[in-house]
Amino acid sequence: MPVSFRSVRYFFSSQDFSDGLRTTLTVLLPGLWMGWWGQLDAGLTLCLGALCVSVTDSPGPVIHKRNGMLAGLLLLPFVALVTGLAASHLWLLGLEVGVLSFVFTLFLVYGNRAASVGTAGLLLLILMMDRHLTLLQLLQYAGLVTLGGAWYLVVSLLTYTVRPYRPAQQALGECIRAVAGFLRLKAEFYRTGTSLEEDYRRLVAQQVTVNEKQDAVRELLFKTRQMMKESTGTGRRLVLTFVDVVDLYEHITATYYDYSALHQRFEATGVLDAIAGVVEQLAAELESIGFAIQANHSYTARAPLLASLDQLKIRIDAVEAEGKTGNVLVLKKILVNVRNLTQRVQDILAYFDANAPAPARRELEFGRFVTHQTFSLGQLRDNLTLSSGVFRHATRMTLACLVGFVVAKVLLPGHHSYWILMTITYMLKPAFSLTKERNVQRVLGTLVGGVIGALLLWLVTDRLVLVAVLAGCMLGAFSFTRRNYIVAVIFMTPMVLILFSFVGLPYLQVVEERMLDTVVGCLIAFSASYLLFPRWESEQLHDYMSAVLRANGRYLHTLAESLAGSPVAVVDYKLARKEVYVSSANLAAAFQRMISEPQGKQHRPSEVHEFVVLNHILSSNVASITSSILTGETRPQLTAASLRSVRQAQQSVHRSLWRLDPKEPENQPAEAPLPLAAATPDQQLQEQLEFIRKVSSDIGKVTEAVLA
């Protein structure tokens, strides 16, 4: 199947499209209905209320969505009344813009959903700035806005009631496809002529995506009581399939070889390309499973994986028979690992068997894998300092909005000068790199969308056709907002132009004003991000690096306990594993943001990248040994020297952590003694432990280079 067609299928079954379709219909219908009865202004006010509440309706557990929408709904009449009363006094309106932009941005302290509630309030404030209403009109307006928001809330909750499992299915399907993408990148390590440095760079970037998708599924499954309390049925199968997917991902990450040595020895034989082909085939099968779950379709295995494995074994045997490359043990290990991956992929197919027995319930264990947001005034108070990133961002937002307000009202007054403020509100992000990226996307999207919108209004005069085009543009804008922002803006701009054409405004004037206001707003947002209390990623890298070392230190501790024969609870091991994944993904994301910042603000990007890769290699090898011990696949038999390698690795990681974070104790706490050496040691395991010690030592050297 062509990649482009496959991407289209994925999009139409995705949560982004489902949410976009629901938002489009819910926002559009009140306007069409009221417009049919000659009450277009009232209909547009209802649409505005629905639009504001839709901002708070981000993916997550239904109880969180409900609470977020309720908070937004309660905020709307307050903002409407305050703005309506202040609108006739320019200085009072400016004061409101400054105060509310600061307060609403501080909502970020309580997480992204709370921040979206603040964004909804700012959106209503900005869109009401130029409205001068009598007290009675204001009360009616506030009532209609609230009614529109309530309409959206009811429709959203009703959709969940009718199809409670769809968000979880879509999130799980996208998670599986992200893991498939990770596996496909692992296949590239075996390709002839591949660049290993570039392979690692792409692998680390994909790790960020996988972590985001896994977190989304955890939130939906482990915080939804209905899913966790079911002993059979769709909810339980979703939970257990996700557990299998995380275990599969661990097995993929735990598969590490000296790829440079592999290519030197075996590239000429062509067997590495054969391995890459089988892994690619496995990734394609996993991707198909993910799509079937995402689209809620049945699925049966299609790829001839077992036959491909048999062919690969024949190729490896042929290489061994030729005897030109020496020992082919490493190729046989790769074959065993690919077989294990194949078996794990086939285990995931149990999702499609509704009659499969449900394993024992583990609600309390699952609950430990998600974070729980708390709400207290103390959190807000603790962030009222310039050392807080949220406070700096709120201050930056306030000053930028005040500058935008002055420009919109004094320097560039126009019919829709509030677009300047709206652009600032949506473009200014806590991180400079995100602000820069959004600004570029916004300007380009507005320019392209403006041209498309002007052509549409020039060529199409039938109002019914324009309504259909408007609905299509709304659907595209709402569906791509989270997926591809520049595409969302390209759809959004013609949507705005068509809306204003319905109220009789000349579209060329609106296009010119829209483009000018967008450019001005983006310039203000970009300047504020660069000049006002910037906090560059290089200044925060030490925290992310410390978190990775801390997580790998705990991972090494589980390895040491496993080798010592001490009981290690599986859930404790998986929690340590999750901490490694999350901290590694956070560091990788911070690194990606840093390299998009001005070069003068970057700090040793090559060394930081090497640090990321070495820690990935370390955690892969630790996972490989520990998981095989806990599952009973390996019974450790080691020499005293190899056992010391584990201790030395722990000490190296701890020293690196102490250099990054002097608050850590300089000396690692004493560990319980490891068992006596075995009479018949496992040579392969000894070599792997020595490799872990060497990688840990290399991490220490790179840490010194980063700190230099």
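A charge is taken to sit over a ring if NZ of Lys or CZ of Arg is within 6 Å of the ring centre and within 35 degrees of the ring normal. With that criterion in hand, select arginine 237 and tyrosine 351: the arginine lies over the face of the tyrosine, at 5.3 Å from the ring centre. Next select arginine 438 with tyrosine 485, where the charged end of the arginine sits over the ring, 3.9 Å from its centre.

Two remarks on the basis of the tour are in order. The model is predicted, so to speak of local features requires pLDDT of at least 70, side-chain atom pairs count only at pLDDT 80 or more, and totals for chains, interfaces and linings use all residues. Residues are numbered from 1 along each chain as its sequence is written, and side-chain values use heavy atoms, with hydrogens and water left out.

**Aromatic pairs**

Rings of Phe, Tyr and Trp (its six-membered ring) pair if their centres lie within 6.5 Å; planes under 30 degrees apart count as stacked, over 60 as edge-to-face and the rest as tilted. The whole structure contains 24 aromatic pairs. Select phenylalanine 182 and tyrosine 249: their ring centres are 5.1 Å apart and their planes stand at 70°, so the pair is edge-to-face. Because phenylalanine 182 lies in helix α8 (residues 166-188) and tyrosine 249 in helix α11 (residues 234-253), the pair ties together parts that are 67 residues apart in sequence. Helices here are DSSP runs (H or I, at least four residues), numbered from the N terminus. Both phenylalanine 182 and tyrosine 249 are buried, where buried means under 20% relative accessible area (1.4 Å probe, protein chains only).

Move on to phenylalanine 189 and tyrosine 200, whose ring centres are 4.9 Å apart with planes at 75°, so this pair is also edge-to-face. Phenylalanine 189 is in the loop between α8 and α9 (196-222), and tyrosine 200 is in helix α9, eleven residues apart. Phenylalanine 189 is buried, with a relative accessible area of 0%; tyrosine 200 is buried at 11%. Then select Phe11, Phe12, Phe17, Phe480 and Phe491, which ring pairs link into a cluster.

**Nonpolar cores**

A nonpolar core is a set of buried Ala, Val, Leu, Ile, Met, Phe, Trp, Tyr and Cys residues joined through side-chain atoms within 4.5 Å. The largest has 110 residues, and those with the most contacts inside it are Tyr190, Leu331 and Ile692. Colour helix α13 (residues 271-295), which supplies the largest share of this core, 13 residues. Another core, of 71 residues, lies apart from it and includes Met69, Leu75, Phe104 and Val496.

**Arginine 577**

Which helix holds arginine 577? The residue is found in helix α25 (residues 570-595). At 4% relative accessibility, arginine 577 counts as buried. Its side chain makes a polar contact (a pair of N or O atoms within 3.5 Å, one able to donate a hydrogen and the other to accept it; residues adjacent in sequence count only if both atoms are side-chain atoms) with the side chain of glutamate 250, at 3.2 Å. Leaving aside neighbours within four places in sequence, arginine 577 is in contact (heavy atoms within 4.5 Å) with Val246, Asp247, Glu250 and Tyr555.

**Cysteines**

The structure holds zero disulfides, a disulfide being a pair of cysteine sulfur atoms within 2.5 Å. For cysteine 52, the nearest cysteine sulfur is that of cysteine 47, 11 Å away. Cysteine 52 is buried, at 0% relative accessibility.

How values were computed
Helix = DSSP H or I, 4+ residues; strand = E, 2+ residues; numbered from the N terminus. Buried < 20%, exposed > 50% of the residue type's maximum accessible area, 1.4 Å probe, protein only.
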